[in-house]
Amino acid sequence: MADAPRITVEELKRRMDAGEDFTVIDVRNPQAWAESDTMLPEAIRVPIDKLEENLPRIPKNRPVVAYCT
């Protein structure tokens, strides 16, 4: 499987400001998520080890951006 392309926060913001629509998946581990001040209100929260079982929750009609640390 090929590596997924990477995008910076700045690039994502620029593209969203330009009107592009993304699904953001927050895949940080539970400890990192709990300790963080950064919460993305529209993101789908899915720990990376539970990603496969949560695939039906992820829309297939737009690009997906995974937020991780």
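**Sheet and salt bridges**

Modeller: In this predicted model, R45 of strand β2 is the bridge partner of D26.

Biologist: In which sense do β1 and β2 pair, and over how many bridges?

Modeller: Strand β1, residues 23–26, pairs with β2 in the parallel sense over 2 bridges.

Biologist: What is the strand order in the sheet?

Modeller: The order is β2-β1-β3, in an open sheet of 3 strands with parallel pairing. Strands β2 (44–45) and β3 (64–67) each have a single partner strand, so one side of each is left without a neighbour in the sheet.

Biologist: Now to the charges. How many salt bridges does a search of the whole structure find?

Modeller: The search finds 5 salt bridges. One of them joins E11 and R14, with the closest N and O atoms 2.7 Å apart.

Biologist: How are E11 and R14 placed in helix α1?

Modeller: They are 3 residues apart in helix α1 (residues 9–17), which means a separation of about one helical turn. E11 is partly exposed at 27% relative accessible area, and R14 is partly exposed at 49%.

Biologist: Which residue forms a salt bridge with D17?

Modeller: The partner of D17 is K13, at 2.7 Å from N to O. Both residues lie in helix α1, 4 residues apart, about one turn of the helix.

Biologist: Are D17 and K13 buried or exposed?

Modeller: Both D17 and K13 are exposed.

Biologist: And what does E20 meet in a salt bridge?

Modeller: The side chain of E20 meets that of R15, at 3.0 Å from N to O. E20 is partly exposed at 35% relative accessibility, and R15 is partly exposed with a relative accessible area of 24%.

Methods. Residues are numbered from 1 along each chain as its sequence is written. This is a predicted model: local features need pLDDT of at least 70, side-chain atom pairs count only at pLDDT 80 or more; totals for chains, interfaces and linings use all residues. Side-chain values use heavy atoms; hydrogens and water are left out. Two strands pair if DSSP finds at least two bridges between them. A salt bridge is a side-chain nitrogen of Lys or Arg within 4 Å of a carboxyl oxygen of Asp or Glu. Buried means under 20% relative accessible area, exposed over 50%, partly exposed in between (1.4 Å probe, protein chains only).
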